[in-house]
Amino acid sequence: MLAVAARYGMGCSPRPARRLEAFSARHHPKVHTMPDALDLLTTRRSVKPLDLGGPPPSGAEIDMILTIAARVPDHGKLVPWRFLVFQGDARLKAGEAIARAFGADHPGANPEHLELERTRLARAPLVIAVVSRAAPHVKIPEWEQVLSAGAAAMNVVLAAHALGYAANWMTEWYAYDRRVLAALGVKASERVAGFVHIGRPAQAAVDRARPVLADVVTRFGA
Ligand SMILES: Cc1cc2nc3c(=O)[nH]c(=O)nc-3n(C[C@H](O)[C@H](O)[C@H](O)COP(=O)(O)O)c2cc1C
């Protein structure tokens, strides 16, 4: 565990590593692989939810993912986000609300399609939704609060991959459906930044084309 903690500390001060070690000791996470940070950042890619299998992350691993997700830049320290965790049977309970809303809008839907909707959140063993609580504020623009929720969602993705899982940040239609969101306990003032699907990848993901830096980078003044 010390070696794992040292890698998490990434060789700067020993304090982060010690903190992680203490966290690990408290929660006994089962760490599967621990890719180097730069390997992770340069090779990570999303995996389709249906290709994300079990066994699911342990409780300690989920706590670690959430701890990392909550450690993001947050102008004004407003904590303008929260997390909803779906695991086990709760995934299908949430799926009932998704299927109900879909069925109401598509009365002629066949049973196979309704089942697909019911199992939306059960494709991967774990789904973490990032809920944005951005709201008007005297000093901090709402836009910056929304960006912080995006950072939290990306940290969920990265933390899952760092633990040896794969992830996929998705919204799909139900992230925007107020009937579904109400059934999941998401308030009218909140929005879902994404449902991050997490599991063990069935196979290594083939990369997709990435933007050419020259197309997206301007060196100001050059
Ligand atoms: C806010 C947000 C919502 C997304 N929603 C979906 C979605 O509903 N369905 C989907 O196939 N991909 C969605 N994606 C894209 C995937 O998360 C992912 O970026 C894509 O599969 C490319 O994979 P990569 O992470 O390897 O670049 C979304 C991405 C973001 C940032």
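1. Let's start with a term we'll need throughout: two residues are in contact if their C-beta atoms, placed from the backbone, lie within 7 Å. A second one is burial: a residue is buried if 20 or more other C-beta atoms lie within 10 Å of its own, exposed if 12 or fewer, and partly exposed in between, again with C-beta atoms placed from the backbone.

2. Before you dig in, keep in mind that this is a predicted model, where local features need pLDDT of at least 70, side-chain atom pairs count only at pLDDT 80 or more, and totals for chains, interfaces and linings use all residues. Numbering starts from 1 along each chain as its sequence is written.

3. How far can you trust it? pLDDT is the predictor's confidence in each residue, from 0 to 100. The protein chain has a mean of 88, and 84% of its residues reach 70 or more. Confidence is highest in β3, at 99, and lowest in helix α1 (residues 2-9), at a mean of 32. Residues 1-21 stay under 50, and the model gives them 19 contacts beyond four places in sequence. Residues 27-33 are also below 50, with 15 contacts beyond near neighbours in sequence.

4. Now the overall layout. Helices (H or I, at least four residues) and strands (E, at least two) are DSSP runs, numbered from the N terminus. The protein chain has 9 helices and 5 strands, and along the sequence they come in the order α-α-α-β-α-β-α-α-β-α-β-α-β-α. Of its 222 residues, 32% count as buried. Take the contacts between residues at least 6 apart in sequence: 76% of them join residues at least 24 apart.

5. Have a look at helix α5 (residues 90-105). The expected span of a helix is 1.5 Å times one less than its number of residues.

6. Helix α7 deserves a point of its own. This helix has 21 residues and reaches 30 Å from its first C-alpha to its last, close to the 30 Å expected. Buried residues here include Gln145, Ser148, Asn155 and His161, along with Ala152 and Val156. The buried residues of α7 pack against α3 (37-43), α4, β2, β3, β4 and β5. After the helix comes Gly164, whose phi is positive, near 95°.

7. Leaving out residues up to four places away in sequence, Gln145 touches Leu78, Pro80, Ala134 and Ile140. His75 is 70 residues from Gln145 in sequence, but the two are 7.3 Å apart in space, C-alpha to C-alpha.

8. What about the inside? A nonpolar core is a set of buried Ala, Val, Leu, Ile, Met, Phe, Trp, Tyr and Cys residues joined through C-beta atoms within 7 Å. The largest one has 45 residues, and those touching the most other members are Val127, Ile128, Val130, Val156, Ala160, Val196 and Ile198. At least two residues of this core come from each of α4 (59-69), β2, α5, β3, α7 (142-162), β4, α8 and β5 (191-201). The largest share, 8 residues, is from α7. As for Ala160, it touches Ile65, Tyr165, Ala167 and Ile198, not counting residues up to four places away in sequence.

9. Next, the ligand. Around it sit Arg45, Ser46, Asn168, Trp169, Met170, Thr171, Glu172, Gly194 and Arg208. Strand β4 (residues 166-170) gives the largest share of this shell, 3 residues.

10. Finally, some backbone details to check by eye. The peptide bond from Gly54 to Pro55 is cis, with omega near -5°, and Pro55 is in the loop between β1 (52-53) and α4. Lys77 is exposed, since 7 other C-beta atoms lie within 10 Å. Val79 lies in the loop between α4 and β2 and has a positive phi of about 50° although it is not a glycine. With 13 C-beta neighbours inside 10 Å, Val79 counts as partly exposed.

Definitions and conventions. A residue is near a molecule or strand if its C-beta atom, placed from the backbone, lies within 6 Å of it.
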